[in-house]
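Please open the model in your viewer and keep the sequence panel beside it. This tour goes from one selection to the next and says what is there at each stop.

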Amino acid sequence: MADKRAIDKLKEAFCIDNRSRYIIKKEDVVILEIYWKPLTIADREAIYKTLAGMNKANDTESLEYALQVIMNKAEDENGNKLFSEGDRASLRREIPLTVLTDLMLKMQGVEEEVDTVNSKSTP
């Protein structure tokens, strides 16, 4: 039997169908459970295109980028998007920056305090 190709080994080991979960709490009360699939190069390009369309193409390392990651990737337990374009102003003005940056860092894998939820098993 032939060895598996490198790409096949990577796809099996890092299945992008596996979702992470983060529970936002305030005073030990669950406010929201947020799920997301890993950020890919294709996701980053889509985020960049959105920012370019808003004339913020140079903001790829800014808070605008962080906000767009959350808007593009955050899902509920069933895989439905949690935020729409109409939520942008409220996220910017009415949610503490610490909440959004904490979530964005977790979504990018900078902080490991998340659960991995297997939504598809690999062979």
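**The whole chain**

Colour the chain by pLDDT, the predictor's confidence in each residue: the mean is 85, and 86% of the residues reach 70 or more. Then select residues 118-123, where the pLDDT is below 50, although this stretch still has ten contacts in the model beyond near neighbours in sequence. Where pLDDT is low, the predicted coordinates should not be read in detail.

Now switch to a cartoon view, in which five helices and three strands can be found; followed from the N terminus, the elements run α-β-β-α-α-α-α-β. Of the 123 residues in the chain, 24% are buried. If you count the contacts with a separation of 6 or more, 52% of them are between residues 24 or more positions apart.

**The hairpin**

Select residues 19-26, which form strand E1, together with residues 29-36, which form strand E2; these strands pair in the antiparallel sense over seven bridges. One place to look is Tyr-22, whose bridge partner in E2 is Ile-34. Two residues lie between the strands of this hairpin, and there Glu-27 takes a positive phi near 55°.

**The nonpolar core**

Next, show the side chains of Ile-34, Trp-36, Val-69, Ile-70, Leu-103 and Met-107, which have the most contacts inside the largest nonpolar core, a set of 18 residues. At least two residues of this core come from each of E1, E2, helix H2 (41-53), helix H3 (63-73) and helix H5 (97-107), while H3 supplies the largest share, six residues. In soluble globular proteins, nonpolar side chains tend to be buried together.

Which residues does Leu-103 touch, not counting those up to four places away in sequence? Selecting its surroundings shows Tyr-22, Ile-34, Trp-36 and Ile-70.

**Helix H3 and Gln-68**

Select H3 by itself and then bring back the rest of the chain around it: the helix is mostly covered, with nine of its eleven residues buried. Among the buried residues are Glu-64, Tyr-65, Ala-66 and Lys-73, and what covers the buried residues of H3 includes E2, H2, helix H4 (88-94) and H5.

Stay in helix H3 and select Gln-68. Is this residue buried or exposed? Gln-68 counts as buried because its relative accessible area is 3%, and buried means under 20%. The side chain of Gln-68 is joined to that of Arg-88 by a polar contact of 2.4 Å. Leaving aside neighbours within four places in sequence, Gln-68 is in contact with Ile-47, Thr-50, Leu-51, Met-54 and Arg-88.

**Thr-40**

For the last stop, select Thr-40 in the loop between E2 and H2. With a relative accessible area of 25%, Thr-40 is partly exposed, because that class lies between the 20% limit for buried and the 50% limit for exposed.

Conventions
Residues numbered from 1 in each chain as written. Predicted model: local features only at pLDDT ≥ 70, side-chain atom pairs only at ≥ 80, totals over all residues. Heavy atoms only, no water. pLDDT = per-residue confidence, 0-100. Contact = heavy atoms within 4.5 Å. Helix = DSSP H or I, 4+ residues; strand = E, 2+ residues; numbered from the N terminus. Buried < 20%, exposed > 50% of the residue type's maximum accessible area, 1.4 Å probe, protein only. Pairing = 2+ DSSP bridges. Core = buried A, V, L, I, M, F, W, Y, C linked by side-chain atoms within 4.5 Å. Polar contact = N/O pair within 3.5 Å; in protein donor to acceptor, adjacent residues only side chain to side chain.
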